[in-house]
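The sequence and structure are shown below.

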Amino acid sequence: MDRDEGQTTRARPMKRKLEPEFQDQNQARKILVLQDPNKDGSTPPVNTQDFPTFSVQSNSTTTTTSTSFSGPHWNYDVFLSFRGEDTRKSFTDHLYSALVRVGICTFRDDEELRRGKTICNELLNVIRGTRISIVVFSKGYASSTWCLDELVEIVHRRNTMGHILLPIFYYVDPLDVRKQTRTFADTFVRHEEQFQTDMERVQRWRVALTEAANCSGWNLESLANGYESSFIEKIVTQVSCEVEPTRLNVAKHPIGINYRVDRVKDLLNFGTSDFRIVGIYGMGGIGKTTLAKAIYNQICYGFEGSSCLLNIQEISKQHNGLVRLQEQLLFDILKTKNLRIDNVDQGINLIEKRIHGKRVLVVLDDVDDLKQLHALVGNSEWFGPGSRIIATTRDEHLLIQLGVHGKYKVEELAEEESLQLFNLNAFSMRHPKEDYLELSIGAVKYCGGLPLALKVLGSFLLGRSVVEWKSELEKLQKIPHHQIQDILRISLKSLDDSTNDIFLDIACFFIGMDKEYVIKALDGCGFFLVICINILTQRSLVTIDNKNKLRMHDLIRDMGREIICEKSPNFPGKRSRLWFHEDFLNVLSKHTVRGIYIYIYTHAHNMSYVGMHEHFFFLASMQLSPKKISI
């Protein structure tokens, strides 16, 4: 189901009171279709100075804060104004249907709202909550004072709030609208006779018509030689580009996101019109998806089309998952629902054909296989100059295979950022409650700067007592949090058995050890250590510091060790690896284990190597670590 699917797309009577407040922009798009049933053409004056206004943010100046990336919030995308008697059952109905087909939810009023003589506040509020107005100028448009009052408000919003006005000249000459000549002249003769005591209102209508006709729009006779279907297609194409892309929910508390967004935008290099593809990588739960969505929200306006495909790894494993992703990509960019794809190969050809040459933005979230990238974005020849592709993954090597122009590794949050994010989730404020400071610091230390862990643990501890906090933190030292572990374990699913075994060995025995030493220590075990360690590094499961030592995030280490414990929760002797000396002492003489970690107590700083006991000959790996003691 695509983003707009399931929303209301049919016409509905507008009988309820429309609220002036703006709904969340993530709602489905709407078009308000306004029709004028008045035949007498009389309405009292409308004073535009009495209209309340609201402050919106121009698309040309995007302001980012640490807590929000949202821009203007509109109730509707398009306000469609026309003379009902002229085009309601013909051109306007066809235009309305075409807009519905591109996935924009519609909202059609009935005629009850126009029974009165004044333009009602409900419709004025709709205009103020709409980004674009399409005005269909027909020969009888100016005969409706209701339509003229609408136009005055539309022009007022355009001049003061940046509202977009798109005129359509339906079998009328733009010059006649601009100068009120021919049929428009006859109409205004009648208006001036009827409103002799309110000529200021008539003058406002004239000014509004002139300004509207000066806007860039469409002329049916000159643009499409009278062929309405092709004319409507051109209108829908341009309106789809004008309509603000659907924004994505980033995060409730996007702490530390701003400077990361700036780093990736630097890699995207908007100073060049070349096609560019950039990768974002890092361990699970580190915030790759959050970062990609924040970037999308900031830059999606400057493209002919945009698409953000989330959870690609999970969806592609479902039946026809890649096909559904291809259909979603085409719908997002082309705004058309009537494209059916039967298989991935057909989808590849269709994407190449339909998107070819367009300047687009595509975000591919959580990719783990090169075939996903080939099925969705193919190669650079598909896309027009200035196109940008952003891919997020846990596998750095995948980005190398893709040939990205730049890649950004998402690192853990700094200590101060971690504390802020944790506190916001645990206390709904940036600082901890009294008596919770030390506990908060301990919880943040456990999370190790991982945003996922900070949010999950903070939310779990929200509203709990000090005693409960202490109990949970003690529990976490032995049993990792399942929600955090579930996310981290996804990184292991595509590892082969050898690489998975090496990961578990490092988690249990070799953290902090020299990389070359570990390779030599395990060299005789039949593993391909060099490539296995490189794979683990590229997937952010293992890191190598500047001293060539193997490092691992504490939560990933705990995940590896928990995998071992799950094989035999209550009987350590049945586990393949032991790293606690208590477990080792209890089971060494009774059970066969894969490896053990032993502290050799010595008086000297140097390690004392001891002869192998007869019970050790079967061990795949044995770690001896000295610990100096005083006598």
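The model is a predicted one.

Helix H10 spans residues 258-268, and its buried residues are Arg260, Val261, Val264 and Leu268. Viewed down the axis of H10, these buried residues fall within an arc of 100°, so they line one face of the helix. In general, an α-helix has 3.6 residues a turn, so residues three or four places apart point the same way. Just after H10, Asn269 adopts a positive phi of about 50°.

Across the whole structure, a search finds 17 salt bridges. One of them joins Asp395 to Arg539, with the closest N and O atoms 3.6 Å apart. This pair links distant parts of the chain, the two residues being 144 residues apart. Asp395 lies in the loop between S10 and helix H16 (396-402), while Arg539 lies in the loop between helix H24 (529-538) and strand S12 (543-544).

Are the two partners buried or exposed? Asp395 has a relative accessibility of 11% and therefore counts as buried, since the cut-off is under 20%. Arg539 is likewise buried, with a relative accessible area of 16%.

## The pair Glu396 and Lys407

A further salt bridge is formed by the side chains of Glu396 and Lys407, at 2.7 Å from N to O. Glu396 belongs to helix H16 and Lys407 to strand S11, so this pair ties together parts that are 11 residues apart in sequence.

Glu396 is buried, its relative accessible area being 15%. Lys407, in contrast, is partly exposed, with a relative accessible area of 36%.

## Further salt bridges

Arg557 and Asp558 also meet through their side chains in a salt bridge, at 2.9 Å from N to O. Arg557 counts as partly exposed, at 23% relative accessibility, whereas Asp558 is buried, with a relative accessible area of 16%.

Which residues are linked in a network of salt bridges? The network consists of Asp501, Asp505 and Arg577.

Terms used. Residues are numbered from 1 along each chain as its sequence is written. This is a predicted model: local features need pLDDT of at least 70, side-chain atom pairs count only at pLDDT 80 or more; totals for chains, interfaces and linings use all residues. Side-chain values use heavy atoms; hydrogens and water are left out. Buried means under 20% relative accessible area, exposed over 50%, partly exposed in between (1.4 Å probe, protein chains only). Helices (H or I, at least four residues) and strands (E, at least two) are DSSP runs, numbered from the N terminus. The arc is that of the directions from the helix axis to the C-beta atoms. A salt bridge is a side-chain nitrogen of Lys or Arg within 4 Å of a carboxyl oxygen of Asp or Glu.
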